[in-house]
Amino acid sequence: EGQLKDDLKKKEAIAAKLQKAIEDMIAEEIRKAREVTKNKNTFELTPEASALSSSFSKNRGKLPWPVERGTITGHFGVQQHPVLKGITIVNNGIDISTEQEAKVRALFDGEVTGVVVLPGAQKAVIIQHGEYFTVYGNLKDVLVKKGDKITLKQELGIVNHEEDRSQTESHIEIWKMKKDGSGTTKLDPEDWILKNK
């Protein structure tokens, strides 16, 4: 139990650093959008970004899985730790267990707005789809760079494999900019990807 708690603390520390980096990058995109309208309290999408955003929204429940094979092992939101009693965990996305050397693929067309590289930790890719952002975390290698135009199912990186846990787990998040420019809302990716049959 002590080992599990130590592991959980380490994972939470890494997750907090990653979340901060993601939040900073998305906040920068919101700031840029506000600059275009010269309004600090709201933003307006370009016609192209607006069309992309609308298309993304219309595909709710139809987006492809980010890996070719996998099982959802971590769900969105606050939940009880599967082993440690009285401990809750917060997941801003979902986790999908997959095979070693699995490649993560884009859920939708968009543009890479950032690549997060944490020293001694994981890497993540952030893609913007108009007012939506998809985040692909727990990568050991990244195959794209900031500014790249991305197409549906394009390979973005290779999922990290944790030797000590014999686990290869992809992490996916979906964020949406608030219309009033006040920040973002985190969405449950399970509502957006195709359901398992």
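This is a predicted model: local features need pLDDT of at least 70, side-chain atom pairs count only at pLDDT 80 or more; totals for chains, interfaces and linings use all residues.
Reader: Thanks! Now to the strands. How many residues of strand β12 are buried?

Author: You can read a strand's burial residue by residue. Strand β12 covers residues 167-177, and ten of its eleven residues are buried, which makes the strand mostly covered.

Reader: Which way do β8 and β12 run, parallel or antiparallel?

Author: To read a pairing, look at the direction of the two strands and at the bridges that join them. Strand β8 (residues 132-142) and β12 run antiparallel and are joined by six bridges. To find your place in this pair, look for V135, which stands opposite E173 in β12.

Reader: What joins β4 to β12?

Author: Strand β4 (residues 94-97) is linked to β12 by four bridges, and the two run antiparallel. Here the landmark is I96, with S170 of β12 opposite.

Reader: How many bridges does β12 have with β11, and how many with β13?

Author: Take them in turn. Strand β11 (residues 161-162) pairs with β12 over two bridges, in the antiparallel sense. In that pair, H161 has T168 of β12 as its bridge partner. Strand β13 (residues 184-187) is joined to β12 by four bridges, again with the strands antiparallel. There you can pick out M177, whose bridge partner in β13 is T184.

Reader: Let me turn to charged side chains. How many salt bridges does the structure hold?

Author: Side chains of opposite charge can pair when their charged atoms come close. In this model there are seven salt bridges.

Reader: How far apart are the closest N and O atoms in the pair of D191 and R60?

Author: For any such pair, check the distance, then the places in the chain, then the accessibility. The closest N and O atoms of D191 and R60 are 3.5 Å apart. This pair links distant parts of the chain, with D191 in the segment after β13 and R60 in the loop between α2 (47-58) and β1 (71-74), 131 residues apart. D191 is partly exposed, at a relative accessible area of 34%, and R60 is partly exposed too, at 45%.

Reader: Why does the salt bridge of E101 and K140 tie together separate parts of the sequence?

Author: The side chains of E101 and K140 meet at 2.6 Å, N to O. E101 belongs to the loop between β4 and β5 (103-105) while K140 belongs to strand β8, so the pair ties together parts that are 39 residues apart in sequence. E101 is partly exposed, with a relative accessible area of 46%, and K140 is partly exposed as well, with 30%.

Reader: Where do K149 and E111 lie, and is K149 buried or exposed?

Author: The side chains of K149 and E111 form a salt bridge of 2.9 Å, N to O. K149 lies in strand β9 (residues 149-150) and E111 in strand β6 (residues 110-117), 38 residues apart. K149 counts as exposed at 59% relative accessibility, whereas E111 is partly exposed at 31%. Salt bridges can also share partners, and here they join E68, R69 and E99 into one network.

Reader: One more feature, the backbone angle phi. What is phi of E101, and what is phi of K153?

Author: Phi of E101 is near 65 degrees, a positive value in a residue other than glycine. K153 is not a glycine either, and its phi is also positive, about 65 degrees. You will find K153 in the loop between β9 and β10 (155-159), where it counts as partly exposed at 43% relative accessibility.

Key:
Residues are numbered from 1 along each chain as its sequence is written. Side-chain values use heavy atoms; hydrogens and water are left out. Buried means under 20% relative accessible area, exposed over 50%, partly exposed in between (1.4 Å probe, protein chains only). Two strands pair if DSSP finds at least two bridges between them. A salt bridge is a side-chain nitrogen of Lys or Arg within 4 Å of a carboxyl oxygen of Asp or Glu.
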